[in-house]
Amino acid sequence: MPLKYIAIIPARYASTRFPAKPLALLGGKPVIQRVYEQVAGVLDDAVVATDDERIYDAVRSFGGRVEMTSTAHRSGTDRCWEAYCRQGRPYDVVVNVQGDEPFIRREQLEALKGCFDNPQIDIATLVKPFAAADGLAALENPNSPKVVLDAESRALYFSRSVIPYLRNVPREEWLAHHTFYKHIGIYAFRSEVLRQVTSLPQSPLELAESLEQLRWLENGYKIGVGITEAETVGIDTPEDLARAEEFLKQHPEFNH
């Protein structure tokens, strides 16, 4: 039997850098509507998980499915689990899609799904190879986590540092000598694994790097990694929204 997938899209109204971000208009539609439309046709189901009536009403108004969830959640992962429990029917895999990723692509979602062809994979995520044209500054940016993979495309480690370190190679030549992977922050969980990870305490590696996924690795979960060549355009600030408007003009395929 094929696995059944549901996308859950956590969307909060209160954001320190960009309040009301999910309701900001992008190409005439709210950002949250664009995210929803990108995933609803690819996975078996999709639902927005919010803690705010304004977002709830906006999703209902464009015909989307939405769940009202607690205001007390510490993370989007916790919010996803509550929304999943409210579905009343089981799914094999829960895909946590950020509510500020309006340009997530079908092929990226398919790459996530492909990770679960391996029954040993608990969690899946995406990476994008750094290109030489990105330059050393992009590779060394601590806000852009790096990932190293094993021979079966499972994550060995995530770090804000550049990994691996290339010994005996000048730093300015690193991108020409090795394929480094940039982490794309979208996750998919087997539903039972999602239940388990929401109860895990923070781990030493997670606290050191401020990367939640290290908690899962440290507790022995196997994270499969799909590789994408597409860049995502996340929206964290009003300036990002302006850049997203320009991106939309150059990529009409995102206008449904």
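**Cysteines and their setting**

Mentor: In this predicted model, the count of disulfides comes to 0, taking a pair of cysteine sulfur atoms within 2.5 Å as the rule. Cys80 takes part in no disulfide, since the nearest cysteine sulfur belongs to Cys85 and is 11 Å away. Cys80 is also buried, because its relative accessibility is 1%, where the cut-off for buried is under 20%. Cys115 is likewise in no disulfide; for Cys115 the nearest cysteine sulfur is that of Cys80, 17 Å away. With a relative accessibility of 11%, Cys115 counts as buried.

Another buried residue is Ser144, at 9% relative accessibility. Ser144 sits in the loop between α5 (135-140) and β8 (146-149). Apart from neighbours within four places in sequence, Ser144 contacts Phe130, Ala138 and Lys182.

As for the whole protein, 53% of its 256 residues are buried. The secondary structure consists of 10 helices and 11 strands. Of the contacts with a separation of 6 or more, 68% are between residues 24 or more positions apart. The radius of gyration is 18 Å, which agrees with the value near 18 Å for a compact globule of 256 residues. The C-alpha trace spans about 60 × 40 × 35 Å along its principal axes. The accessible surface is about 12,200 Å², with 50% of this belonging to carbon and sulfur atoms. Among the side chains, 29 are positive and 36 negative, and the centres of these two sets are 2 Å apart.

Notes:
Residues are numbered from 1 along each chain as its sequence is written. This is a predicted model: local features need pLDDT of at least 70, side-chain atom pairs count only at pLDDT 80 or more; totals for chains, interfaces and linings use all residues. Side-chain values use heavy atoms; hydrogens and water are left out. Buried means under 20% relative accessible area, exposed over 50%, partly exposed in between (1.4 Å probe, protein chains only). Helices (H or I, at least four residues) and strands (E, at least two) are DSSP runs, numbered from the N terminus. Contact means heavy atoms within 4.5 Å. The radius of gyration is taken over C-alpha atoms; the globule rule is 2.2 Å times the number of residues to the power 0.38. Accessible areas come from the Shrake-Rupley method with a 1.4 Å probe; for residues, only the protein chains shown count as cover. Lys and Arg count as positive and Asp and Glu as negative; His and the chain ends are not counted. The place of a charge is taken as NZ of Lys, CZ of Arg, CG of Asp or CD of Glu.
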